[in-house]
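Me: I'm new to reading protein models. Could you take me through this one, question by question?

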Amino acid sequence: MNALLATLYQIVQLALVLALAPLLTGWVRLVKARLVGRRGPSVLQPYRDLLRLLRKEVVLARNASWLFRAVPYVMFTAIWLAAGLVPIFTTQLALAPTADLIALIALLGSARFFLALAGMDVGTSFGGIGSSREMMIAALAEPAMLMVVFSVSILVRTTSLAEIADFMMSGAVGLRISLALALIALVMVAIAENARIPIDNPATHLELTMVHEAMVLEYSGRHLALVEAASMLKLLLYVALIACIFAPWGMASAGSGLLAALWGVLVFAGKLAVAGALLALFETSIAKMRVFRVSEFLGGALLLSLLGAIFLYVSRGV
Amino acid sequence: MAVTGVAAKRFPQASGIVYGGTAAACALVALWAVLRLGGGGAADTLVLPVGLPWIQAHLRADALSAFFLLVVNFGGVTASLFGWGYERAHRDHHGGPVLPLYPLFLAGMNMVLIADDAFSFLVSWEFMSLASWLLVLSTHREPETPRAARIYLIMASFGTACLLLAFGLLATDHGDYSFDAIRSHAPSATAAALGVILVLMGAGSKAGVVPLHVWLPLAHPAAPSHVSALMSGVMTKVAVYAMIRVLFDLLGEPDWWWGGIMLAFGAVTAVMGVLYALMQDDLKKLLAYSTVENIGAIVIALGLALVFKASHTPVIAALALAAALLHVVNHSLFKSLLFYTAGAVLTATGTRDLNRLGGLIHKMPTTAFLALIGAAAISALPPLNGFVGEWLLFQAILNAPALPEWSLKIGIAVVGALLALAAALAAACFVRLYGTAFLGRPRSFAAEEAREVGWAMRLGMAVPALLCVVLGVLPTPIIRLFEPAVRLMVEAGPFDDRAYQPWFWLAPTSAIGNSYNGLILLAVIALLSILLVVVIHRRASDRVRWSIPWGCGFEGPDPAAVTQYTPSSFGQPIRRAFGSTVFRARDHVDMPEPGDTRPARLSVTWTDPAWVAFFAPIGKVVDWLADRANVLQYMTIRRYLTLMFLALVLLLVMVAVTQQ
Amino acid sequence: MIDLGYDAAHMLGAVVLLMSFALLYQRRLFSLLRVFTLQALALTATAAWQAFSHGEPHLYITALLTLSLKAIVMPVALHRIIVKMNIHRTIEPALSIGLTMVAGVSLVTLSILLVLPVTADATALTRENLALSLSVVLLGLLMMISRRNAVSQVVGFMSIENGLILAAVGVAGMPLVVEMSIAFSVMVAFIIFGIFLFHIRERFDTLDMQKIESFRGESD
Amino acid sequence: MSPIYVIVATPLLSAAILALVPGYRLAARLNIAFSAVTLLAALVLFRTGPAGNALFVVDAFNIYLIALTAFVGLTTSIFSASYIGHEVAAGKLTPRDLRFYHAMYQAFMFTMLLALSANNLGVMWVAVEGATLTTVLMVSLYRTAASIEAAWKYFILCGVGIALALFGTILMYLAAQPVMGPGMAAMTWTELMKHVARVNADILNLAFVFLLIGYGTKVGLAPLHAWLPDAHAEGPTPISAVLSGLLLNVALYAVLRFKMLLAANGEAIAPGPLMIAMGLASLLLAGLMLYRRRDIKRFFAYSSIEHMGIITFAFGMGGPLANFAGLLHMAMHSLTKSAIFYAVGHVAQAKGTQRLEKITGLTVSHPVLGWGLLVGVVAIAGLPPFGIFMSEFLLITSTFAREPLLAIPLTLGILLAFGALVLRVQQLCFGEPGGESAPVRGSLVPLYAHLGLVLVAGVWLPGPLVAWFQTVAALLG
C-alpha cells in the first residue's frame with residue numbers, strides 16, 4: 001500500500017515539476033518587468049514559447065553529429081529526474097532511496113557535461129566560449145554545493161533528501177551559523193547554475209557576455225524547446241532544493257494522508273511565488289559581473305560552505 | 001612467452017602468438033583470482049628454492065593479492081587484445097622490441113602481487129620497473145623518449161631504494177625478510193613512523209603521488225599505447241597494492257597521523273593532477289596527468305580507511321577501503337579504455353596533439369562512442385562506474401564526525417572540498433578532451449583523413465567500456481567479490497550481513513542510511529527519455545533543414561572551422577582561475593597589426609612547481625659537485641702521491657689518538 | 001754484550017735517520033746522491049752488525065745487496081742519467097726546505113708517539129728500531145712529494161726502501177728479507193730503467209694541463 | 001698432491017712456453033688451452049674443498065676466488081684471442097708485442113693465483129708486487145704517449161703503495177715475533193690466526209694502517225685511486241677486464257686477510273670505521289666522476305672504483321649479512337665488470353673510438369652486442385634479477401637496520417652512480433646509430449657466459465658456496 005502510494009506520489013511529482021517549471025519562469029519575468037515599470041508578458045508566456053518552438057522546424061549545422069541531436073533529450077531527462085527526486089510536497093517518494101543528494105548533484109553534472117559537449121560539437125567559437133565558461137563555473141559551483149551537502153548531512157547524519165526534510169521539519173535543529181552560511185552558499189550556487197544575474201544574463205543578446213546562451217546558440221526548434229524547458233526545470237529544482245532543506249514546512253511526511261499531500265502542493269506553490277519574487281528583486285537590484293570575476297564569486301561560495309562545515313564542529317561537538 | 005617474443009622478429013605472425021598467449025594466460029590467472037575471491041579468498045602459499053638462500057622465495061596469494069591479480073590480469077587481457085591490433089597497425093615502426101618485454105612486464109607485476117618476502121617482492125618490483133623502462137624505450141627514436149625513460153628509471157629506483165630501507169628497518173638485521181617475520185615482530189614507534197614515510201615515498205613515487213609524479217606524464221605517454229594503458233591503469237595499482245600491503249597488513253596497528261599524511265598528499269595530488277591535465281594539449285599526457293588525479297582520490301580513500309582503522313571503527317574503515325578498491329577497479333577500466341582510444345586516434349591520425357585533431361566522431365564512430373563512455377565514466381557521471389566509487393568515497397568522508405581527532409575532523413572537511421573540486425575539474429578536463437578531439441571540425445588534414453581502426457583494437461576498447469556501464473549499474477556484486485580482501489585488512493566488511501541486502505542495491509552499513517541504486521536509476525532514465533522521445537516526435541514537427549553555421553562573418557565553405565575554439569582557449573578561464581599562481585601559467589597572445597592578414601596566435605607556457613622546487617635543484621647540485629670532483633682527474637703524479645701521504649698520516653694520527 | 005749490540009744497532013739506526021734528514025736538506029742533485037750513498041752505507045753497517053750480533057748469516061747477503069745496489073750501482077746509474085739527459089743540477093722543492101724540515105720533525109714526533117705505547121712484551125730494541133724505521137719511511141715519502149725532480153723522487157723512494165730494510169733487519173729472525181729486498185730492488189731498477197728508456201719527463205709534474213687532457217682522452 | 005700445485009704451476013710454465021712461441025695465433029690458442037687447464041684444476045679444487053699446508057692455504061675464503069680467477073682468466077683469454085686479432089689487423093700491435101703480451105698474461109695469472117693461495121704473508125706480498133710489474137708492462141703495451149703516461153702513473157703510485165704494504169707486513173711480523181718466536185711461523189697466515197689473540201695490539205693497528213693504505217692503493221680506494229682509470233683506459237681491453245675483474249679483488253683479499261687477524265685479536269682497534277670511511281669516499285667520488293667522463297673505458301673504470309667502495313663499505317660494516325653481501329658482491333662485480341669490458345672492447349673496435357658521445361644506437365646497429373652491453377650495465381647498476389641486486393639488497397637493508405645514518409649516504413651514492421649509468425647506457429644503446437660502424441668479428445661467448453652466471457646467481461646460489469660465504473662472514477667479524 002505504502003509503496004503504491006509512494007509510486008503514485010512520485011509520478012505526480014514528476015508531472016508537477018514539469019507543469020510548474022514554466023510558470024515559475026514566467027512569474028519571475030513578470031515580477032522583473034513590473035519592478036522596472038513595464039507591464040511585462042503574461043505568466044503563461046513561457047508555455048507559449050515552448051509550444052511555438054516545438055512546432056518550428058529544426059535547423060542543423062552540416063557537421064552536427066548524432067551527439068548534438070541526442071543531447072537535448074539526455075539533459076532534459078537528467079534534470080527532469082533530478083527535479084523529480086527533490087521532495088516538494090511530500091517525503092514519500094518511491095525513488096527517494098535510489099538516489100541521494102550526491103547522486104542528484106551528479107545528475108545535474110551529467111546534464112551539464114553533455115550540454116557542454118553539444119556546445120563544442122558544431123565547432124563554432126561561441127559554442128566553445130559557452131562550454132568552457134560553463135565548465136569553469138561548474139568546477140567551482142559543484143564543490144560548493146557538495147560542501148553544503150556535507151555540512152547539512154553532518155548535522156542530519158544522512159544525505160537522503162527525504163530524511164533531511166523530515167529531520168528539518170522536526171525542528172530539532174534550531175538556528176545555526178553553519179546552516180546560514182550553507183544557505184547563502186547554496187543560493188549563490190543556484191544563481192550561478194541557473195545562469196542568472198550577476199553571473200549570466202538569461203535575456204542577453206550580446207554573445208560575448210553569454211555563457212549558457214552561447215552554448216545552446218546552435219539549437220533550434222524542438223531541441224531548443226527541450227533545452228529551454230530543461231533550464232526552467234533546473235530553476236524550479238533549485239528553488240525546491242532550498243525549500244526542502246531550509247524550509248521544508250508544510251510538506252506531507254510519512255504516514256500522513258492525501259489531504260496533507262494536497263496541502264503540501266499548495267504550500268510549495270506559495271514557496272515558489274516567494275522565491276521567484278525574491279529572485280526577481282535580487283536580479284533587478286544588481287548588475288552583471290565580468291566573466292573572470294565569476295571564479296572569485298564562486299570561490300567565495302565554496303569558502304563559505306567550507307566554513308559552514310567547519311563551524312559545525314565549533315558550535316557543537318557533532 | 002618472452003622467448004617466442006624474441007623469435008617474433010623473424011615471423012610476423014608471432015605477435016599474434018605472443019599477444020594471444022599472454023591474453024590466455026592473463027585470462028586464466030584472472031579466472032583463478034575470481035574463483036579464489038568467490039571461495040572466500042583463503043590464502044595458498046608456495047616456497048620456491050630460489051632467492052635468498054636462507055629464506056628462499058615465499059609466494060602467497062591471499063584475498064588482497066587475488067583481487068589485485070584480477071585487476072592486473074584483466075587489464076592484461078584487454079591490453080593484449082588491443083596491443084595485437086595496435087602492433088599490426090604499427091608494423092612499420094622502427095624501435096626497440098616490444099614483444100619479448102611485454103609478457104615479462106605483466107609477469108613482473110603478477111610476481112609483485114604474490115611475493116611474500118621482502119627480497120622477492122623488491123626483485124619483482126624493480127623487475128617490473130626495468131621491463132616497463134625498456135618498453136618505454138621501445139620508442140627510443142622519438143626525440144623526447146630518452147629523457148622520459150631516464151627520469152622514469154631513476155625515479156623508480158629511488159622508490160625501490162625507499163622501500164629497501166623500509167624493509168631493512170622492519171626486518172631488522174636478523175636476515176629474515178619473510179613477511180610473516182615482519183608481521184610477527186612489532187616495530188618500535190620511531191621505526192614504524194620512519195617505515196611509513198619511506199613506504200609512502202617508495203610506493204608513492206611509483207603511483208605518481210605529487211610531488212613524486214614528475215616521471216609519470218613523461219614515461220606513460222612515451223610507450224606504445226597498450227603499454228601506456230598498462231602502466232597507467234594497472235602498474236599504478238600495483239603501487240597501491242604495496243601501500244595497502246605494508247600499511248594495513250605488515251605494520252600492524254596503525255597510528256592516526258599515517259592516514260593524516262595520506263589524506264593531505266592525496267588531496268594535493270588529486271587537485272594538482274587534474275589542473276596539470278587541464279593544461280595539457282597532448283592527448284596521452286593529459287590522460288597520464290588524470291591518472292595522477294585518480295591516484296590522489298585512491299590515496300585519500302586509503303587514508304580515510306587508515307584513520308578509521310586507527311580509531312577502531314572498522315565498519316567505516318571497511319567502507320573507505322571498499323571505496324578505494326572499487327576506484328582501483330574503475331580507474332583501471334576507464335583509464336585503459338581511454339588510453340586505447342588515444343592509441344586508436346594515434347593510429348588513425350598519427351598525432352596525439354589535440355590542436356591537430358577534431359571531428360573524429362564522424363570518421364571513427366565506434367571509437368568516438370566508446371571514448372564518450374570512458375570520458376563520462378571518469379567524470380563520475382551516473383549511472384556509470386566512476387560515480388559509484390566517488391559516491392562511496394563521499395559516504396566515507398561524511399563519517400568524519402566519528403573521529404576523535406579535531407584536526408582530522410576539520411581536515412577531512414577540507415579534503416572533501418578539494419576532492420569535489422578535483423572531480424568537477426576532471427569533468428571540465430574531459431569535456432575539453434572529448435570536445436576538441438572528437439567533436440567540432442578537423443583541425444588538420446590527418447584528422448580529416450582518419451579511418452576507423454581494426455576489429456581487434458575496437459574489441460579491446462569495447463570490453464572495458466561495457467564493464468564501465470555494468471559496474472556502474474550493478475556495483476554490489478563486485479564489491480561482494482572483493483569483500484574478503486576488505487575483511488582481511490580491516491576485520492570488517494562494507495555490508496551489514498544481518499540485514500538483507502538485495503544484489504542490485506548499494507547500501508553500505510556505515511553510509512548512515514544512504515543508498516544508491518544505479519539499476520533503477522538507469523531504468524527510470526531510460527523510461528523517461530523514451531517517453532520524452534515518443535511524445536516529442538508525436539507532437540512536434542520533425543522537419544530538419546541542414547545549413548552552414550554562422551562563422552562570425554568569415555566567408556568560405558566552412559567558415560566556422562576558422563574560428564573554432566582551440567584546446568588552449570578552452571582551458572583559458574580555468575587557467576586564469578587556478579593556473580596563473582600555481583604553475584606560473586602565462587598566455588602569450590601575438591595579435592597581428594590591423595591589415596596584417598596572418599592569424600593571431602595564442603601560446604601558453606607553464607611550469608611544474610614540483611619540478612622547479614625539488615628536481616631541478618638536485619640536478620644543479622649534482623652538476624656542481626661533479627665539476628668540483630672532476631679536478632681530481634687532472635692532477636700530477638706528485639699531487640696524487642701527496643694525497644696518499646696525507647691519507648696515511650691522517651690514519652696514523654687517528655691511531656695515535658686512539659692509543660693515547 | 002747485548003747492551004753493546006743494542007747501543008751499536010741504536011747508533012747506526014740513528015745515523016740512517018740522520019741521513020734522511022740530510023737528504024731533505026740537500027739543494028743539489030749530486031750532493032743528494034752522495035748523502036744517499038752514505039745512508040746506504042750506514043744501512044749496510046746495520047745489517048752486517050745485526051747479522052753478526054744475532055748470528056743470522058742471511059743478513060750478510062742483505063748487507064751485501066744493499067752495499068752493491070744502493071751504495072754503488074744506483075747512485076752511479078742516476079749520476080749517469082743526470083749527465084746524459086743533462087738535467088739541470090739544482091733541486092726545485094715544491095715545499096720550501098724550511099717547511100720540509102718542520103714537517104719532517106713533526107713526522108718523527110708522530111712516529112715516536114705511535115711507538116711509545118708499544119711497551120708490553122716488546123723489547124726495547126724493537127721499539128727503537130720501529131720508531132727509527134717508521135720515521136725513515138715517512139721522511140722518504142715526504143721527500144718524494146716535496147721535490148719535483150724525477151731523480152730526487154727516485155732517491156726518496158729508495159730511502160723508503162732503506163727504512164723497510166732497517167725495520168726488517170732489526171727484528172730477530174725475519175725470514176724472506178733477502179727475497180723481498182731483491183724483489184724490491186727489481187722495482188727500483190724498473191723505475192730507473194723507465195726514466196732512462198722513455199725519457200720520462202725529468203720532473204713528474206711538468207706536464208701542462210692541456211697535454212694531460214689530451215692523454216686522458218678527456219678533452220673535448 | 002693437491003690440485004693447488006697444478007693451479008699455480010700451470011700459468012708459470014705456460015708463461016715460459018708462450019715467451020718462446022712465435023706465431024700469435026698459435027699463442028692465443030695455447031693461451032686458451034693453458035687457462036682451460038688451470039680452470040680444470042681449480043674446479044677439481046672446488047670439488048675437493050678446503051685444504052692447505054705450510055706453503056699454500058685453501059680455505060672457505062679464497063677457494064671461490066681461486067675458481068673465479070681461473071674462470072675469468074679463461075674467458076678473458078678467449079676474448080683476447082678475438083680482440084688481438086683485430087688489433088693486429090688494425091696494425092696497432094706487432095706479433096712481437098703479442099708474444100710478450102701472452103707471456104705476461106700467464107705470468108700475471110700466476111701472480112694472481114699465487115697471491116690468493118699463498119699461506120705466507122711475505123710470499124703474498126711478492127706475488128702482488130709481481131702482479132703490479134706484469135700489469136704495468138701490459139698497460140704500456142701500445143707504446144703510445146698516453147699509455148706510457150698511464151703505466152708510469154700506475155707504476156709509481158702502486159710502487160709506493162707496495163712499499164707501504166711491505167712495511168706493514170714487516171710490522172706484522174714484528175708484532176708476532178715476540179709471541180711466536182723467530183722464523184717462518186710468524187709470517188704464516190694459518191699460524192698467525194692461531195696465536196694472534198696474544199699479539200701486541202698496538203703494533204697490529206700500526207701494521208694494518210700501512211697495509212690498508214698499501215694494498216688499498218691497488219684496490220683503488222679513494223683517495224688512492226688515481227692510477228686506476230687511466231690504467232684501465234689506455235691498456236688493451238682484455239687487461240682492463242682482468243684488472244677490474246681480478247686484480248682489485250686480489251688486493252682487497254689481502255686487506256681482508258689482515259682484517260681477519262685484527263678481528264681475531266681482541267684489543268686491536270676495529271678497522272671497520274677506516275674501511276667504511278674509505279668505502280664511502282670512493283663510492284661518492286666515483287659516483288660524481290661518472291658524470292663527466294667522455295671515454296667509455298675510463299667510465300667503467302670509475303664504476304669499478306664505485307663498486308670497490310661498496311664492497312669495502314660492506315666489510316667495514318661487518319656482521320653476517322654485510323660480510324655475506326661483500327663476498328657475493330666481489331664475485332658478482334668481477335664477473336659483470338669483465339663482461340662489460342668484453343662488450344666495450346668489441347664496441348670500441350666496431351666504432352673505432354672510445355669517445356662516449358660518438359657511440360650511439362648500439363641496439364640498432366649491433367643488436368647482439370648492444371643488448372649484451374645493456375644487460376651488463378643493467379646488472380652492474382644493481383637491477384634485478386642479477387646478483388648485484390641481491391648483495392646490495394642485503395647490504396642496504398642490514399646497514400639501515402643497524403646504522404641508519406650510514407645507510408643514507410650509501411644509498412645516495414648508489415643512486416648517484418645509478419643516474420650516471422642510466423644516462424650513459426641510454427646514449428650508448430639507444431637512439432639513432434651514429435658514426436662509422438664495422439661489423440663485429442669475434443666471439444660473444446664470454447660476454448654471455450658471464451651474464452648468464454650473474455643472472456643465475458641473482459636468483460639461485462649453490463648450497464656449498466653459501467656455506468663457505470657464511471663461514472668467512474663469521475671469520476671476518
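Me: Is B:Ala380 buried or exposed?

Reply: This is a predicted model, where local features need pLDDT of at least 70, side-chain atom pairs count only at pLDDT 80 or more, and totals for chains, interfaces and linings use all residues. Residues are numbered from 1 along each chain as its sequence is written, while chains are lettered from A and ligands numbered from 1 in the order in which they are written. A residue is buried if 20 or more other C-beta atoms lie within 10 Å of its own, exposed if 12 or fewer, and partly exposed in between, with C-beta atoms placed from the backbone. B:Ala380 has 27 other C-beta atoms within 10 Å, so its class is buried.

Me: What is the phi of B:Ala380?

Reply: Most residues other than glycine have a negative phi. B:Ala380 sits in the loop between H15 and H16 of chain B; helices here are DSSP runs (H or I, at least four residues), strands are runs of E (at least two), and both are numbered from the N terminus. Although B:Ala380 is not a glycine, its phi is positive, at about 55°.

Me: Where is D:Pro385 found?

Reply: A cis peptide bond, with omega about 0°, joins D:Pro384 and D:Pro385. D:Pro385 belongs to chain D, in the loop between helix H15 (367–380) and helix H16 (387–402).

Me: How many other C-beta atoms lie within 10 Å of A:Ala195?

Reply: A:Ala195 is in the loop between helix H7 (177–193) and helix H8 (212–215) of chain A. It is not a glycine, yet it has a positive phi of about 55°. A:Ala195 is buried, because the number of other C-beta atoms within 10 Å is 21.

Me: Which pair of chains has the most contacts?

Reply: Two residues are in contact if their C-beta atoms, placed from the backbone, lie within 7 Å. Chains A and C do not touch, with their nearest C-alpha atoms 53 Å apart, and no contact joins chains A and D, whose closest C-alpha atoms lie 40 Å apart. Among the four pairs that do touch, the most contacts are between chains A and B.

Me: Which element gives the most to the side of chain B that touches chain A?

Reply: This contact takes 70 residues from chain B and 69 residues from chain A. Elements that each supply at least two residues on chain B's side include helix H16 (385–397), helix H17 (406–437) and helix H21 (518–539). With 16 residues, the one that gives the most is H17(B).

Me: What is the bridge partner of A:Val59 in E3(B)?

Reply: Two strands pair if DSSP finds at least two bridges between them. Strand E1 (residues 58–61) of chain A and E3(B) run parallel, joined by four bridges. In E3(B), A:Val59 is partnered by B:Arg545.

Me: How many residues of the side of chain B that touches chain D are charged?

Reply: Here 48 residues of chain B are in contact with 52 residues of chain D, and H6(B) gives the most to chain B's side, with 14 residues. Ala, Val, Leu, Ile, Met, Phe, Trp, Tyr, Cys and Pro count as nonpolar, Asp, Glu, Lys and Arg as charged, and the others, Gly among them, as polar. By class, the side of chain B has 33 nonpolar and eleven polar residues, and the number of charged ones is four.

Me: At what angle do H3 and H13 of chain B pack?

Reply: Axes are lines fitted to C-alpha atoms, for helices over the stretch in contact, and angles run from 0 to 180 degrees between N-to-C directions. Helix H3 (residues 63–89) and helix H13 (residues 314–349) of chain B have axes 11 Å apart and pack at about 5°. Angles under 35 degrees count as roughly parallel, over 145 as roughly antiparallel, 65 to 115 as roughly perpendicular and the rest as oblique. H3(B) is therefore roughly parallel to H13(B), at an angle of about 5°.
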